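This report concerns the contact between two chains and the fold of one of them. The sequence and structure are shown first.

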Amino acid sequence: MTDKLPPEVAAAHWSKTRGLMWTTLAIWAVFSFFIHMFVSSLNGVVILGFPLGYYMAAQGSLIVFVVLIFWFSSRQNSIDEEFGVAED
Amino acid sequence: MAMSMKGDFTDNLGKIYSVYVGGFAGFVVLMAIFEMLGVPERIIMWSYMAATIGIYAFIGIMSRTAVVSEYYVAGRSVPAIYNGMATGADWMSGASFVGMAGTLFVLGYDGLAYVLGWTGGYVLVAVLLAPYLRKFGAYTVPDFLGTRYGGNAARLVGIVVLFCCSFTYITAQLYASGIIASMFLGIDFGLAIFAGLAGILVCSMLGGMKAVTWTQVAQYIVLIVAYLLPAIWMSTVTFGIPLPQLTYGGALTKIGEYEQVLGIAKSYVAPFQNMSAFDYFSLIFCLMVGTASLPHILMRFFTTPTVREARKSVGWSLFFIFLLYFTAPAYAAFSKMNLMSLFVGAEGNLLPFSSIPQWMLQWGSIAGHQLVTICGVKAETIEAITAACQAKGFAAGFPFAELKLNNDMIVLSTPSIAGMPIWVVGLVGAGGFAAALSTADGLLLAIANALSHDIYYRMIDPKADAKRRLLISKILLIVVALAAAFLARTKPSDILSMVAWAFSIAAAGLFAPLVMGVWWKRATNLGGIMGMIAGFGITMYYLIGNVYGFDFVKGTGDEISWFGVKAIAAGIFGVPAGFIVTYVVSLVTPAPSQEMQDFVDRLRLPKGGTMMVAGH
């Protein structure tokens with residue numbers, strides 16, 4: 001089983017997994033903190049009555065988080081399959 | 001409905017919950033018909049409570065179990081989407097349901113720190129922790145810490161942190177369920193607490209995690225319907241479109257216009273009016289990291305069949321949580337707009353005393369709470385309000401600025417304020433009650449399981465058989481629940497305000513050792529233990545020092561403040577401290593054994609089943 005996995009395969013799998021982790025966390029940080037630093041200028045744009053800065057904190061970032069997790073889990077899944085370490 | 005199932009839900013989930021949703025919809029329609037037939041309000045309210053508690057009890061009893069793995073992790077058979085709903089109910093507390101829209105109503109943009117903070121943390125859960133904890137296959141979070149960091153010392157520190165963040169939290173849930181039950185049923189608060197206690201125990205005692213999971217799914221459905229319906233109602237009445245999340249842009253515009261007319265300086269949508277940008281972002285940080293560290297949330301991801309499902313399940317959890325959290329700002333905006341419009345129409349923008357709406361007096365005069373205050377007095381009678389306002393120089397009426405509503409009443413009172421029928425009011429009550437019960441159930445299991453599994457089984461009597469372990473679990477469950485209920489009964493205001501601390505405590509005490517335990521092989525036993533102690537210690541020191549000072553009395557002038565950080569964001573010190581101490585101590589202690597490094601390697605590969613099979 002997993003014990004027979006050659007160390008270099010495990011290392012390659014982990015380095016890809018780590019890469020995905022950093023990418024996902026970078027997107028997370030942008031939508032958790034970074035864009036909200038510009039709320040005052042974003043509020044100048046009003047769509048359907050929503051000031052954009054307000055909208056991003058009330059709805060926009062949340063939608064990004066939901067999509068991000070599903071995207072992450074399908075990416076991680078294909079990494080696992082690529083290295084043959086996914087569950088049967 | 002599930003009579004032919006022999007207690008096993010998992011093969012027929014779709015069918016069972018379709019029947020359940022249909023039955024629930026039918027019940028709500030029945031209540032609407034009752035109302036038209038002139039059945040008294042009181043009976044409708046009682047029917048809502050009785051029917052929902054009845055169904056939770058039914059599910060709880062049907063899911064009773066004598067199998068250890070079913071009791072602790074629902075037999076690891078919960079599909080991603082159902083675990084998502086259960087996590088949603090587990091996560092959204094009475095306070096989220098009742099208070100979130102109210103917080104936004106009062107704080108405007110700044111309140112969105114809670115909306116962001118309580119959702120974004122799930123990204124951290126999905127990426128950093130859930131799949132690995134699931135692979136490990138522990139029953140509890142301290143179980144993982146104990147195994148990764150070499151035994152009972154780490155386990156014990158983990159339990160202390162868990163207890164500190166979970167026990168205050170469960171007390172607050174029982175308090176919330178008591179408030180809701182007493183308001184809607186018109187019974188004494190002390191009695192209502194025990195209604196809540198009964199509601200919690202019937203769900204959890206016989207079937208542990210298995211029963212709690214399936215009741216939480218049912219509770220999620222009740223609470224989300226109860227939350228969305230009034231918002232959809234208001235949106236349809238105001239804009240003709242039943243999508244409040246889209247139409248409240250119109251309400252925001254209206255609020256802006258009203259602010260001009262009423263001369264209100266603080267704009268509802270402008271940032272950083274009630275807290276500084278630094279406070280805003282540090283609060284978001286602490287809430288997010290705290291979310292990713294709360295044991296009662298992490299343990300929900302132990303219940304999925306596979307690692308793959310655990311990841312996906314985090315996505316579903318956030319989706320179901322999102323449904324409520326992206327509606328809360330709409331709720332707040334509609335309520336604010338409706339309330340402001342009362343003043344904009346009136347002469348001189350002063351609401352005449354003679355046209356004070358009935359609901360203000362009704363909610364204002366509820367004993368023991370300050371839900372509505374006008375001109376600084378409790379809104380009990382028109383005479384009292386008139387006298388207080390005249391003393392302030394308002395002869396004919398009072399301005400918007402003199403009206404103060406308690407955060408917690410916005411959601412509960414909106415249906416009656418907006419003139420919705422009593423069957424909607426009752427539904428909202430049932431939803432709030434479901435939210436409080438489901439969170440309390442999750443917390444109760446987190447505490448009782450840590451005590452029974454980690455302390456009793458792992459540390460005191462590792463030879464105990466399954467029957468004995470489950471018996472001990474159930475006894476501890478009742479003891480913890482009773483203790484929380486008795487504490488909640490005393491209305492401990494300090495404990496209730498401490499709930500907000502739970503996030504910082506969990507974040508500081510658990511996040512660094514959990515994450516580094518998975519992502520850094522070099523993290524050593526002593527590193528992990530010292531990291532937990534440092535993070536937890538600094539945060540507790542700051543919390544107590546900031547709120548009480550070290551004479552443990554509020555407001556005596558010896559309180560500390562570092563860079564002006566608020567108590568609620570105390571984790572901003574503890575989280576980095578946890579990481580730094582774990583890192584430094586690990587580097588100065590010898591590297592973990594080859595065995596431990598192999599253990600971490602296996603943790604990182606989904607294939608090969610759970611690791612902790614032996615001994616269970």
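The text below treats the interface, then a helix pair within it, and then chain B by itself. The model is predicted.

**Interface of chains A and B**

On the side of chain A, 38 residues are in contact with 41 residues of chain B. Four elements of chain A each give two or more residues to this side: the helices α1 (7–34), α2 (39–42) and α3 (52–82), together with the strand β2 (50–51). Of these, α3(A) supplies the largest share, 17 residues. Sorted by class, the side of chain A that touches chain B holds 24 nonpolar and 12 polar residues, with two charged ones.

**The pair α3(A) and α6(B)**

Helix α6 of chain B covers residues 112–136, and its axis comes within 10 Å of the axis of α3(A), with a crossing angle of roughly 5°. Angles under 35 degrees count as roughly parallel, and the two helices α3(A) and α6(B) are therefore roughly parallel to each other.

From α3(A), the residues that meet α6(B) include Ala57(A), Leu62(A), Phe65(A), Ile69(A) and Phe72(A). On the α6(B) side, Leu112(B), Val115(B), Thr119(B), Tyr122(B) and Val127(B) are among the residues in this contact. The contact of α3(A) with α6(B) has 14 nonpolar and four polar residues, and no charged residues.

| Side of chain A that touches chain B | 24 residues | 12 residues | two residues |

**Chain B as a whole**

The secondary structure of chain B consists of 25 helices and five strands. A compact globule of 616 residues would have a radius of gyration near 25 Å, and chain B agrees with this, at 25 Å. Its C-alpha trace spans about 80 × 60 × 40 Å along the principal axes. Buried residues account for 56% of the 616 residues in chain B. Among contacts in chain B with a separation of 6 or more, 81% join residues 24 or more positions apart.

**The sheet of chain B**

Three strands of chain B form an open sheet in the order β3-β2-β5, with antiparallel pairing. The edge strands β3 (377–378) and β5 (403–405) of chain B each pair on one side only. Strand β2 of chain B, residues 372–374, pairs with β5(B) in the antiparallel sense over three bridges. Within this pairing, Thr373(B) has Lys404(B) in β5(B) as its bridge partner.

Conventions. Residues are numbered from 1 along each chain as its sequence is written. Chains are lettered from A and ligands numbered from 1 in the order in which they are written. This is a predicted model: local features need pLDDT of at least 70, side-chain atom pairs count only at pLDDT 80 or more; totals for chains, interfaces and linings use all residues. Two residues are in contact if their C-beta atoms, placed from the backbone, lie within 7 Å. Ala, Val, Leu, Ile, Met, Phe, Trp, Tyr, Cys and Pro count as nonpolar, Asp, Glu, Lys and Arg as charged, and the others, Gly among them, as polar. Axes are lines fitted to C-alpha atoms, for helices over the stretch in contact, and angles run from 0 to 180 degrees between N-to-C directions. Angles under 35 degrees count as roughly parallel, over 145 as roughly antiparallel, 65 to 115 as roughly perpendicular and the rest as oblique. The radius of gyration is taken over C-alpha atoms; the globule rule is 2.2 Å times the number of residues to the power 0.38. A residue is buried if 20 or more other C-beta atoms lie within 10 Å of its own, exposed if 12 or fewer, and partly exposed in between; C-beta atoms are placed from the backbone. Two strands pair if DSSP finds at least two bridges between them.
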